Amino acid sequence: MNNVPLVHFLYLAAVLFGIGIFGVLARKNAISVLMGIELMLNAVNINFLAFARYWNWNSLTGPVFVIFVITIAAAEAAVALAIIISIHRQFRTSNIDDAHYLHG
Amino acid sequence: MIQYAWLIPTLPALAYVLIVVFTKRSRVLSAGMSIVATIFGFLFSVGLLFELLKLDPADRAISFGTTWLQINSLQANVGILIDPLSANMLLVVTLISALVQIYSLGYMKDDERFSIYYSYLSLFTASMLLLVVSNNYLQIFVGWELVGLCSYLLVGFWFFKPEAAAAAKKAFVVNRIGDMGFLMGVVTIGMVFQTFDFAQVKGLVTQDIANETYQTGYIAGIALLLFCGAVGKSAQFPLHVWLPDAMEGPTPVSALIHAATMVAAGVYMIARTYVLFSADPSSMTVVAYVGCFTAFFAATIALAQDDIKRILAYSTLSQLGYMVMSLGVGGYTSSMFHLTTHACFKALLFLGAGSVIHAVNSQEIWKMGGLWKKMKITSVTFLIATLAISGIFPLAGFWSKDSILDAVHESAIPHHEFLYYSAIFTAFLTAFYMFRLFFVVFTGEPRDQQTYDHAHESPFVMTGPLIILAFLSISVGWLNLPGFDGYSKFLYYGQYHDEAFNWTMAWFSLMIALLGILLSASLYYWKTFPVAKIVEIFNPLYLLLKNKYYVDEFYDWFVKTFVFGLASVFKWFDDEFLDDIMVDGTGWTAHKMGALLSLTQTGYVQNYALVVFGAVAVIFLLVSF
């Protein structure tokens, strides 16, 4: 592990984050958008752990933060899925562009 | 005893509060409290008078009080000033008020709002006494406004009559015009002298005059502003229009407020602030001429009126004109003396008129006639008052009016001969129209048989005050009999001067008055000349007088043309600019801006997310480079 340089982790995280943004901004399916968000969160988690590993392995700040993020992400996924189910019941679709009745 | 003088205005005020809060349902308690408070005030005033008489003439001004407001160095006090002037007014106000309240027991007995009526009378008495005992300009203004309010409430007491409601409004609005001047005068006094206290202002003005540092224009300006207030309250030309209309109120109210006491407040106020007026001959001249003109002007209008109360109202205007003129020519004592005697006989005239109206249910003198046989007490007392106001020897009016004429004759005002002859001619007119009223109402044959049959003498609660006032109308003038001069020695401005009574002039004015009575009798009693014929010959003049010189019409036209014209310009500005452009424009702009911004609210979640990411990216770029 030690010979993998830090920057590789950062590249991986950046790529994951990019895929996540693409999912959030470009996909029509609500589930895909949700998956994009999860990817972005996990990219952040990788950064946390990588920096924790390469600077101070004894500090628990990074890993603890990751635990929190995972927890919040789980809650967020639950709420988001509930909303998606509601939308589906209301509009008979999981395409988020069809749910734009709050436009100005 | 003098230090308890604050009780005099306080008790009627207390009676007012108690009536309004507790005893409104009980007619007996309400009227009783009001009358007892006023009679107490009268007895106390008599006591005060004797206390003052015990003192040395130089010490007869006791002032005390406490701080009300402190504005930087300017201190506003509330306090009591007892001196001969206020003692005199206290007696007049409490006595007339007590008699009028007793009389009202009979006159108002069938009125539904009997208790409220008494509460208003109490409030009026309290306010008037507050005004009278005031020792500073600010407090006198408070009392001044309060009596104005009471006048409004009582003129409009029968507010369900449209004329009464309109008259009350008119009285209030016209008084505002004068009060505006008064208020500006009071404020200017505060600014210039840094005090509102009568004695201190008097001291400063006297000192200024002695040092010759005083600026005539300043003091004359203040005096004229204060005079505006007096013109409004004492109904002098050109603000006289409210008083005749105020006759829509109950007759005892007319007797108390619009004849004997409140309208005299203007005269009292000039006397109270006399140092400001006497400082400058030009303001004195204005006062004298306004008074003289009002006296003459109102007397001529009274010649052609048909309503018993309106004739008396114009006669009040005319007599107030005498008092104001007297102050203008330096006849301080004469003016207050006439105020006192006038209060007695004018209250008597109004209460007598009330008794007649009570009996015949009409105010139109041409429906009355021959009431002498039916109403002995009313007729005799009315005759006494008529003789008194005409200035017949030896009744009260003779002495007071003559002392005014004397003061005018002796004065140093420019063209005072003109004032003197106008005043003499006014005295002639007064005798004429008052006896016209008397002859038409009380003598001759009944003009309306039904009214005549219905007429009856009033109950004793009403005739009792008439008898007391008749006695006073005869005897009050004797306070100042030549040689005795009790009144002049008691109430004077500056130094007391012993002036010999001018019998020649007195007989001359008496002859003039008798001439007026004779002419009146020949027209309306013996009917030597046909009145209708004379009216026909002088028809344009008659119409001019009957329509009160069209002053009301002129004001109506003036208000409609200029005031409403100006108002419509402002209304246009308000509607077109303020409302349409400023107010609606603000709303329109906000609305349109909102519509524009709402275009960004697409409803597509991903658009929002894009903006968020884009913004983060932009911020990131800006921060890094």
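**Reading the model together**

Guide: Let's begin with the parts list: chain B has 26 helices and two strands. Helices (H or I, at least four residues) and strands (E, at least two) are DSSP runs, numbered from the N terminus. This is a predicted model, in which local features need pLDDT of at least 70 and side-chain atom pairs count only at pLDDT 80 or more, while totals for chains, interfaces and linings use all residues. Residues are numbered from 1 along each chain as its sequence is written, and chains are lettered from A and ligands numbered from 1 in the order in which they are written.

Visitor: What box do the C-alpha atoms of chain B fill?

Guide: Roughly 115 × 65 × 55 Å, taken along the principal axes. Of the 625 residues of chain B, 49% count as buried. A residue is buried if 20 or more other C-beta atoms lie within 10 Å of its own, exposed if 12 or fewer, and partly exposed in between, with C-beta atoms placed from the backbone.

Visitor: And how much of the contact in chain B is between residues 24 or more positions apart?

Guide: Two residues are in contact if their C-beta atoms, placed from the backbone, lie within 7 Å. Among contacts in chain B with a separation of 6 or more, 80% join residues 24 or more positions apart. For a case in point, take B:Asp307, in the loop between helix H13 (281-302) and helix H14 (308-328) of chain B. B:Asp307 and B:Ile365 are 58 residues apart in sequence but 5.9 Å apart in space, C-alpha to C-alpha. Leaving out residues up to four places away in sequence, B:Asp307 touches B:Gln363 and B:Glu364.

Visitor: Is B:Asp307 buried, exposed or partly exposed, and why?

Guide: B:Asp307 is partly exposed, because 16 other C-beta atoms lie within 10 Å.

Visitor: What about a pair of helices?

Guide: Two packed helices are described by the angle between their axes and the distance between the axes. Axes are lines fitted to C-alpha atoms, for helices over the stretch in contact, and angles run from 0 to 180 degrees between N-to-C directions. Helix H15 (residues 332-360) and helix H16 (residues 376-390) of chain B pack at about 145°, with axes 9 Å apart. The residues making the contact include B:Phe345 and B:Gly352 of H15(B), and B:Phe382 and B:Ala385 of H16(B). By class, this contact has eight nonpolar, four polar and no charged residues. Ala, Val, Leu, Ile, Met, Phe, Trp, Tyr, Cys and Pro count as nonpolar, Asp, Glu, Lys and Arg as charged, and the others, Gly among them, as polar.

Visitor: Which residues touch the most other members of the largest nonpolar core?

Guide: In soluble globular proteins, nonpolar side chains tend to be buried together. A nonpolar core here is a set of buried Ala, Val, Leu, Ile, Met, Phe, Trp, Tyr and Cys residues joined through C-beta atoms within 7 Å. The largest has 196 residues, and B:Val267 and B:Ala347 touch the most other members. Helix H18 (residues 416-442) of chain B gives this core its largest share, 17 residues. A second, separate core of six residues includes A:Ala30 and A:Ile96.

Visitor: Where do the chains meet?

Guide: 12 residues of chain B are in contact with 10 residues of chain A. On the chain B side, helix H26 (residues 605-624) gives the most, with five residues.
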